[in-house]
Amino acid sequence: MTSCEPTVHEPTLPDEWELVVGLEVHVELATQTKLFCGCANEFSTDPNTNVCPVCLGLPGALPVMNAKAVHYAMKLGRALGCEVHDSVMARKNYFYPDMAKDYQTTQYDKPTSIDGELVLGDGAVVGIERAHIEEDAGKTTHVGGGGRINDAMFSLVDYNRAGVPLVEVVSRPDIRTIEHAKAYVNELRDILLAIEVSDAKMEEGSMRVDANVSVRPVGSDELRTRCELKNINSVRSMGRAIEYEARRHIVLYANGEAPRQETRHWDEEGGRSTPGRSKEDADDYRYFQEPDLVPLAPSAEVVAAIDATMPVLPAARRARLGELSGASPEVLATVVERGQDGLALEAIEAGADADKVLTRLQNDVAVNDWSKLTSSSLAALITMETSGELTATQAKQVLADLIESGGDPAAIAGERGFEVMEGNELEDIVDQLLADNPDEWARFTSGDDGDRKKMQGFFTGQIMKATKGQADGRAIAQLLGRKAN
Amino acid sequence: MSARSIAADVASGARSAASVLDEHLARVAEREDEIHAFNLVTEDKARAQADAVDALVAAGEPLGPLAGVPLALKDNMCTRGIPTTCSSKILEGWRPPYDATVVSRLADAGAVFVGKTNLDEFAMGSSTENSAFGPTRNPLDTGRVPGGSSGGSAAAVAADFAPLAIGSDTGGSIRQPAAFCGIVGMKPTYGAVSRYGLIAFGSSLDQFGPFAANVADAAALFDVIAGHDPLDSTSITDFTPNAVDHLDRGVEGLRVGVVRELSGGAGSVDGLSADVLARTNEAIEALAAAGAKVEEVSVPSATLGLSAYYIVAPAEASSNLARYDGVRYGLRVDAATTGEMNTATRTAGFGAEVKRRIMLGTYALSAGYYDAFYGKALKVRTMMLRDFASVYENYDVLVTPTAPTTAFPFGERSADPMTMYVNDVCTIPSNLTGHPGISVPFGVGDDGLPVGVQVLAPALGDGLTFQVGAVLEAAANGGDAS
C-alpha cells in the first residue's frame, strides 16, 4: 500500500466532501439469438461452439440486425422515460483478441434512446443520458504470468459471447450516495425483470456495472476528475468500490494531489482499486457509421405500440401501494421487488387492512415460492388477525401453513386449535401468575416507567407461555393495566 | 464462343460440359504461365461441376441458366474449402468455411468454376501490380497491365480462359480492367448484388459485377447474381433483375447526357487522352445515329469524386482490415506479446499499397481530423448524389470514357500513387453515388489497344446500362464508328 491509499472502515464519507457517481450498466438482452447472426444467445456451452462466420468476424461475413434485440432496446428506453428515435450503428475501432473484427459494432452519436430518468424508491431522480445497443465481445483467459494479456504464456479466447446483444444504460452523474447507487442498480434490475428483456443477474454477468466516481467539496457544483471502476460483480461490491474510490480521491486532495482520469480495476478480495489504462493514452476509437447496417428508424406507431404494451413499472407499483397504506418506502420496495404487490392489492381490495397486509408480506412471506398463498386467504387471515380472532403469533403460524400448502385460514386455525383466550379464562391464569410472582408485580405497580415496561414484558411472556400463545397481546396489556389500578 | 451458345449447346447435348471445360483448360495450359490470370486454377472442382452438369443432361433433369459455362471468380470471393487470398500474404492458406452468396447462386446456375483470379491486394489498385503473388499481364499486349483491381478476371475472359468472370468494383475495379482488356464489365447498383462473402475493402462502395466478352453474356450473368439476399442488410429488397430483357430495346428517344467534366469539355478533369476522347465522341455519335437525344451536361461535383473516394475508401478499409491480426486465421508472425504479434503479422502480411491506405484511412478517422477529412468527404458524397439526381431528372443515362487512357506499360505508374489513382477519375463517381455503370469496348487507341466507353444510369437503372451498352457494341462491331 502506498501512503495515499485509504483504509475503509468508517461508515460515511467526511462531512465536507460530496460523492459524485454516474453508472454505466451493460445489460445482456434475453434474445434467442445473437445480435447479428443466428447463433444461440447462450453462454454456458463448450467454448467456441455457438459461433459462425458472422460472430467470428470471418472475412466477407456481414451482420444482420436482430429485430427482437432492437425491440427490447427500445422497450428499455421507453421504460426509462427516454426519447426513442432514429439511430445508427457505428464501429468502435480497437485491437483486442476477443474482438473478432477488431472493432465493436455499437452506437455512438445517434443512440437508440436518450434523455430519460430513473426514479428511486425514496423519490430521488437519476438522469439517464443514453441507452444504446451494442454487441458483446468474446471472453479471454490469460494463462501464466500475472493473468494479464501482456505477460501471459498464452491466452484462450472463447467467442461464444461475441455478438451477444447488449444495451448500455449510461446515467448522468446524479448519484450522491452509495445507498442511491445501490438503489439505482436494484431499480434498474427490477425494471428489466418487469419488462422481461433481460434476466439481469449481476453474478452471472448478464448485468454489469461500471462506476464513474469523483468527489467534490460540499456546496460545489463542479465535476472533478473521475475514475471509472470496472470488475464490479455485485451490488455490495459496487458499494465497497465506490466508497474506497471516493476515500482515495479525498486522501489525494488532502495531500495536495489530484486523481488522474483513468480506468481502475476493482479488486474485491483485496478491497482496493488498482490502476488500469490511463485515459490520456487510451485508444482513439475512430468511430464512424457502420456501413454494413442500415439506420434504425422506428416509426411513431412502433414506439406507440411499445408504450401500449408496457407493464406497470416498479415505481408506479410502489406509488399505488403507498397511496393505499402508510407503509414505509422500504416495505413498499420489498413487496414490489418480490412481485407481491398484486397479491397485496387484491387482499386490500377484499377488505383487509392495508398496513397489516404489507407488514405480514414483508416480514413473513420472505420466501421464493408463495404461489399457494391466494389473495382471498391472505385477506381472510389478516381480517381474523385485526378483528382479534387470532393473535399475531397464531396469524404467523397460519400464514406459514398457507404458504406451505394453501387452504382456508379459518379451517387451519381450527385444526391447530387456535382460539383467542379472553375473559374469565385468561383472567384466572393472570391472577395465578400475579400471586406466584409478588415481587415482580410490586415492581409493575410501584416502579418507575422503565420497571413497569420490563415487568409488562415479563408477565406477557409468562402468560403467553402458560396459554401456549393463544392469548391476545392487547387483551393482556389491558388486563394488567386494569389490575394495577 | 459466347457463354449463351455454350449453355445452349450443353443443354441440347451438342457438346458436353466436360469437353467445353477441356477446351478452356487447354488455353489455360497454353497461356497462363505468361498471363498469370489465376491465383489458383481449381481444375478438380471444375471437372466435378462439369461432370455433374453432364449427368443432369444425361438424366434429362432441368438445368440452370449457366449450366456448363466456365467461369472465373475473383480471389476476394469466399469459396468454401477453397483458398481465398485477396492476393495478400496475410490470408495465404486460409480456406473459408462458407460460400459467398454470389458463389452459391452461380453454382446453382450450373456454372463451372475454373479458378480464383488475381487482383491488386485487397482490391487496392488499378493495374494488378499490387498482388503479393506477382502481376497479371494483359492478354492483348503482355507488356501492359490488364488494369485492376480485377485484372485477373478481365484477363481470364480476354484470354478466353473462361467466357465469364466475376469481379468486384469499389472505384472502377471492374470497368477499368474491362476497358483495358477489350471486354465488357459492369458495376451494379449498390445493393443489387449481395456482398455476403465479398471480402470487404470499402463496404459502402464495394459491389460484385459481371465480366464477359459481350454485352448479352454480361447481362445474362448479371441476372443470375443479382437479387435480394437476407444475409446482406444493404441488399435491395424489391429488385428483380431483368437485364436480358433490355438487350433489344435500342436507344430510340432515350435522353443521353455527356458529362463534360469527365469527357474533356469545359471544366474537365485533366489527363484524358485524345484518342480515348475521340472514341468516346464516336460512341456518342453512334448513339445519336441510333435515335438517342444526346446533349452535353454538367455535373460540377463529379470532379471532386477522386478526392472524396480516397478518404472514404481507405477509412472503411482501415477498419475492415483490422481483423487480420494473426489471432484467428491466416498469417501469424510470433512475437513476445500479443500487441507485438499483431504488429509483426501485419508488417509482414500486408503490401505497401495496403499499408498506405490503412494509414490514410486511420488518419482520416482520427480524433481531431474526422471533420476535416472523413466528415467533409461524406458531404461531397451527399453533394454528388444531389447533383446526379438532378441531372437524371432530364437524362436517362450518362456517357463518359471509362478510363483516361488505354492499358499502360508495367511500372509506368506504380512509382507514384497519385498518377495511379487518377485512372479511376471517371468510374469513381458511381461508386460514391451507388449508381450502376458499364464499360463497353469501342474501337482502339493510337497504340492499337482497346478503348472503353462508360454508360452510367441512376440507381436501379442496371437494365438501362445493358440496353445502351448493346447499341454501342453493335455500332463498334458494325465498323461504322471506328
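1. B:G361 sits in helix α12 of chain B, which spans residues 352–365. The model is a predicted one. B:G361 counts as buried because 27 other C-beta atoms lie within 10 Å, and the cut-off is 20 or more. Leaving out residues up to four places away in sequence, B:G361 touches B:P314, B:A315, B:E316, B:A317 and B:S318. B:T85 is another matter: B:G361 and B:T85 are 276 residues apart along the chain, and 22 Å separates their C-alpha atoms.

2. B:T419 belongs to helix α14 of chain B, residues 417–421. Is B:T419 buried or partly exposed? B:T419 is partly exposed, with 14 other C-beta atoms within 10 Å. B:D229 is 190 residues from B:T419 in sequence. In space, the two are 37 Å apart, C-alpha to C-alpha.

3. Now chain B as a whole. Chain B holds 16 helices and 11 strands. Its radius of gyration is 21 Å, close to the 23 Å that the globule rule gives for 482 residues, so chain B is as compact as a globular protein of that length. Along the principal axes, the C-alpha atoms of chain B fill a box of roughly 70 × 65 × 45 Å. Of the 482 residues in chain B, 63% are buried. Consider the contacts in chain B with a separation of 6 or more: 75% of them join residues 24 or more positions apart.

4. Chain A has 15 helices and 14 strands. Its radius of gyration is 29 Å, well over the 23 Å that the globule rule gives for 485 residues, so chain A is more spread out than a compact globule. The box filled by the C-alpha atoms of chain A is roughly 90 × 55 × 45 Å along the principal axes. Buried residues are 40% of the 485 in chain A. For contacts with a separation of 6 or more in chain A, residues 24 or more positions apart supply 69%.

5. Helix α11 of chain B covers residues 338–349. Its 12 residues reach 16 Å from first C-alpha to last, close to the 16 Å expected at 1.5 Å a residue. In α11(B), the residues B:T338, B:N342, B:T345, B:R346 and B:G349 are buried. They cover an arc of only 90° around the axis, which puts them on the same side of α11(B). The general rule is that an α-helix has 3.6 residues a turn, so residues three or four places apart point the same way. What covers these buried residues of α11(B)? The cover includes a strand of chain A, β8 (154–158).

6. Strand β11 of chain B runs over residues 450–456. Seven of its seven residues are buried, so β11(B) is largely enclosed by the rest of the structure. B:P450, B:G452, B:Q454 and B:L456 point one way from the strand. B:V451, B:V453 and B:V455 point the other way. In a regular strand, side chains alternate between the two faces of the sheet.

7. Which strands pair with β11(B)? One of them is β9 of chain B, residues 397–401, joined to β11(B) by four bridges and running antiparallel. Here B:T400 stands opposite B:Q454. Strand β10 of chain B, residues 437–444, also pairs with β11(B) in the antiparallel sense, over six bridges. In that pairing B:G437 is the bridge partner of B:L456. β10(B) and β11(B) form a hairpin with five residues between the strands. In this hairpin B:G448 takes a positive phi near 80°.

8. Chain A has an open sheet of three strands in the order β4-β3-β14, with antiparallel pairing. Its edge strands are β4 (103–106) and β14 (288–289), and each pairs on one side only. Two bridges join β3(A), residues 90–93, to β14(A). A:A90 has A:Q289 of β14(A) as its bridge partner.

Note on methods: Residues numbered from 1 in each chain as written. Chains lettered and ligands numbered in written order. Rg over C-alpha atoms; globule rule 2.2 N^0.38 Å. Buried ≥ 20, exposed ≤ 12 C-beta atoms within 10 Å, placed from the backbone. Contact = placed C-beta atoms within 7 Å. Expected span 1.5 Å × (residues − 1). Arc of directions from axis to C-beta. Pairing = 2+ DSSP bridges.
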